[in-house]
Amino acid sequence: MNSRTCFVSPMGPEMSKEANHSEASERPPPRLNERILSSLSRRSVAAHPWHDLEIGPGAPSIFNCVVEISKGSKVKYELDKKTGLIKVDRILYSSVVYPHNYGFIPRTLCEDNDPMDVLVIMQEPVLPGSFLRAKAIGLMPMIDQGEKDDKVIAVCADDPEYKHYTDIKELPPHRLSEIRRFFEDYKKNENKEVAVNEFLPSTAAVEAIQYSM
């Protein structure tokens, strides 16, 4: 006799399988949102672009920049702080588009509780969510609805057409005029006040980045 004892369901093996299947089918699967949020809570799934991406060994002069908005876009994308995903915030109310790629510097924090904003001048638009190496060449002091909201003006450190720039005064005056006009106008149809002050040199930008680090 085999010493092992075999337990058989009184319903028989086939009926037992059917009963188990019936019990499993009665338990509803987790809803889609619950499954997504569960996966996002696992640290192994994805890095958070604000907290986990390194600012770069050359900071504060040369640093990593996460692009939120592509050059030529009318869609205002921004970082969702909770998930680290890039979300659609709104479509611009004015008939203007972003003059250059726009994003933020990881591992920085400014007075508005957001990371440091950067406008990156380069030849091509970049997909939202990508990151690149940028070089600070100036600072655009800005007040947005009464709050300080300065923008670093930078060039892509790996773009052969722009990487040689070292200071904002080297840019054509018309380029600076375009940048200023965009930020003065892009919220007007939302009845929001934005004031842009005189551009500051690269040293001011480096100091601002250092402070935000």
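Is Arg-90 buried or exposed? In this predicted model, Arg-90 is buried, with a relative accessible area of 16%. Its salt-bridge partner is Asp-89, which counts as partly exposed at 31% relative accessibility.

**The barrel and its helices**

Five strands close into a barrel, taken in the order β1-β4-β5-β9-β6, with mixed pairing. On average, neighbouring strands of this sheet are turned by 55° against each other, direction ignored. Phe-104 stands opposite Asp-117 of β5. Helix α3 (residues 173-185) packs on the sheet and touches β4, β5, β6 (131-140) and β9 (151-156). The direction of α3 makes about 140° with that of β5. Helix α4 (residues 202-212), for its part, lies across β1 (62-69), β6 and β9, and runs at about 120° to β6.

In soluble globular proteins, nonpolar side chains tend to be buried together. Here the largest nonpolar core has 23 residues, and Met-140, Ile-153, Ile-179 and Phe-183 touch the most other members. β5, β6, β9, α3 and β10 each give two or more residues to this core, and α3 gives the most, with four. Leaving aside neighbours within four places in sequence, Phe-183 is in contact with Tyr-102, Leu-119, Met-140, Met-142, Lys-151, Val-194 and Val-196. Another core, of 22 residues, lies apart from the largest one; among its members are Val-118, Met-122, Ala-205 and Ile-209.

**Loops worth a look**

Most residues other than glycine have a negative phi, and most peptide bonds are trans. Against that background, a cis peptide bond joins Ala-59 and Pro-60, with omega about 10°; Pro-60 is found in the loop between α2 (32-40) and β1. Asn-113, in the loop between β4 and β5, has a positive phi near 65°. Asn-191 also has a positive phi, near 60°, and lies in the loop between α3 and β10 (194-196). Asn-191 is exposed, with a relative accessible area of 74%.

Ser-94 sits in the loop between β3 (86-91) and β4. With a relative accessible area of 6%, under the 20% limit, Ser-94 is buried. Its side chain reaches the backbone oxygen of Asp-185 at 3.4 Å. Not counting residues up to four places away in sequence, Ser-94 touches Lys-74, Asp-185, Tyr-186, Lys-188 and Asn-189.

**Salt bridges**

The structure holds 17 salt bridges, including these:

| Arg-107 | Glu-54 | 3.6 Å |

Which parts does the pair of Arg-107 and Glu-54 tie together? Arg-107 lies in the loop between β4 and β5 and Glu-54 in the loop between α2 and β1, so the pair ties together parts that are 53 residues apart in sequence. Arg-107 is partly exposed at 37% relative accessible area, and Glu-54 is partly exposed at 48%.

Arg-180 and Glu-184 are separated by about one helical turn, because they are four residues apart in helix α3. Arg-180 counts as buried at 19% relative accessibility, whereas Glu-184 is partly exposed at 21%. Arg-180 and Glu-184 also belong to a network of salt bridges that links them with Arg-181, Asp-185, Lys-188 and Glu-198.

Terms used:
Residues numbered from 1 in each chain as written. Predicted model: local features only at pLDDT ≥ 70, side-chain atom pairs only at ≥ 80, totals over all residues. Heavy atoms only, no water. Pairing = 2+ DSSP bridges. Axes fitted to C-alpha atoms, helices over the stretch in contact; angles between N-to-C directions. Contact = heavy atoms within 4.5 Å. Buried < 20%, exposed > 50% of the residue type's maximum accessible area, 1.4 Å probe, protein only. Core = buried A, V, L, I, M, F, W, Y, C linked by side-chain atoms within 4.5 Å. Polar contact = N/O pair within 3.5 Å; in protein donor to acceptor, adjacent residues only side chain to side chain. Salt bridge = Lys/Arg side-chain N within 4 Å of Asp/Glu carboxyl O.
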